[in-house]
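Here are a few notes from one colleague to another, for reading with the model open beside you. They go from the whole chain down to single side chains.

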Amino acid sequence: MKDLKKMLEETNGLYCKIDSILKSSTYDDCDDLSGLDIDYRDGEQLFLLEELQAIMRNLDEVRGRLIYLSLPVREVSRLHKNESGRYETDGGHYYTCGSPIEALVEDGYREVPYWVWTRLEHNEKDYYLVGYGNVDMGGLTVRVRGEV
């Protein structure tokens, strides 16, 4: 059985191919693929265009996730609320609505805390993790990735 690291290495090998497909499809310049030669009076081509648009969006998401996973962890910290009412790390990285966040959560399903990649939103009272609304933000352990 393959381990996770080997599987990630294989998946990372797809990055160049995905990047090449997205560039040659004109997705990076025209995410609607309008840069391709398409006969908009041909129902079959319109069908293929719609399907390829969906495929390209998914490939772009995969590419983004591969890029994210390749970034080094530059900070592991606990969140605290700053004077602006936003949650911030000890290193000064702060989060607003829509910000991606990597957090260490406990949910009762798994025996140990585990890392999730989600985003932050606000519900009129406070910020929360999308999909993990019962997780207390104050003191939450987070990781910040990026170039050092």
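1. Of the contacts in the chain between residues at least 6 apart in sequence, 49% join residues at least 24 apart. Please keep in mind throughout that this is a predicted model.

2. Now the elements themselves. The chain holds three helices and seven strands, and along the sequence they follow the pattern α-α-α-β-β-β-β-β-β-β. The radius of gyration of the chain is 20 Å, whereas the globule rule gives 15 Å for 148 residues, so the chain is more spread out than a compact globule.

3. Some overall figures go with that. The C-alpha trace spans about 55 × 45 × 35 Å along its principal axes. Ser24 has its place in helix H2 and is exposed, with a relative accessible area of 58%.

4. Of the 148 residues in the chain, 29% are buried.

5. Next, the charged side chains. Side chains of opposite charge can pair when their charged atoms come close. How many salt bridges are there in this model? The count comes to 11.

6. One of these salt bridges deserves a look in your viewer: the side chains of Asp19 and Arg63 meet at 2.7 Å, N to O. Asp19 lies in helix H2 (residues 15–24) and Arg63 in helix H3 (residues 43–70), so the pair ties together parts that are 44 residues apart in sequence. Are these two residues buried or exposed? Both Asp19 and Arg63 are buried. For Arg63 the relative accessibility is 10%, and because buried means under 20%, Arg63 falls in that class.

7. Arg63 has another partner, Asp60, and the side chains of Arg63 and Asp60 meet in a salt bridge, again with a value of 2.7 Å, N to O. Arg63 and Asp60 are three residues apart in helix H3, so about one helical turn separates them. Asp60 counts as partly exposed, at 26% relative accessibility. Salt bridges that share partners join Asp19, Lys23, Asp28, Asp60 and Arg63 into one network.

8. A further salt bridge to inspect is the one in which the side chains of Glu121 and Arg119 meet, at 3.1 Å, N to O. Arg119 counts as partly exposed, with 40% relative accessibility.

9. Last, the cysteines. A disulfide is a covalent bond between the sulfur atoms of two cysteines. How many disulfides does a search of the whole structure find? The search finds zero. Two residues to check here are Cys16 and Cys97: Cys16 is exposed, with a relative accessible area of 59%, while Cys97 is partly exposed, with a relative accessible area of 43%.

Notes. Residues are numbered from 1 along each chain as its sequence is written. This is a predicted model: local features need pLDDT of at least 70, side-chain atom pairs count only at pLDDT 80 or more; totals for chains, interfaces and linings use all residues. Side-chain values use heavy atoms; hydrogens and water are left out. A salt bridge is a side-chain nitrogen of Lys or Arg within 4 Å of a carboxyl oxygen of Asp or Glu. Helices (H or I, at least four residues) and strands (E, at least two) are DSSP runs, numbered from the N terminus. Buried means under 20% relative accessible area, exposed over 50%, partly exposed in between (1.4 Å probe, protein chains only). A disulfide is a pair of cysteine sulfur atoms within 2.5 Å. The radius of gyration is taken over C-alpha atoms; the globule rule is 2.2 Å times the number of residues to the power 0.38. Contact means heavy atoms within 4.5 Å.
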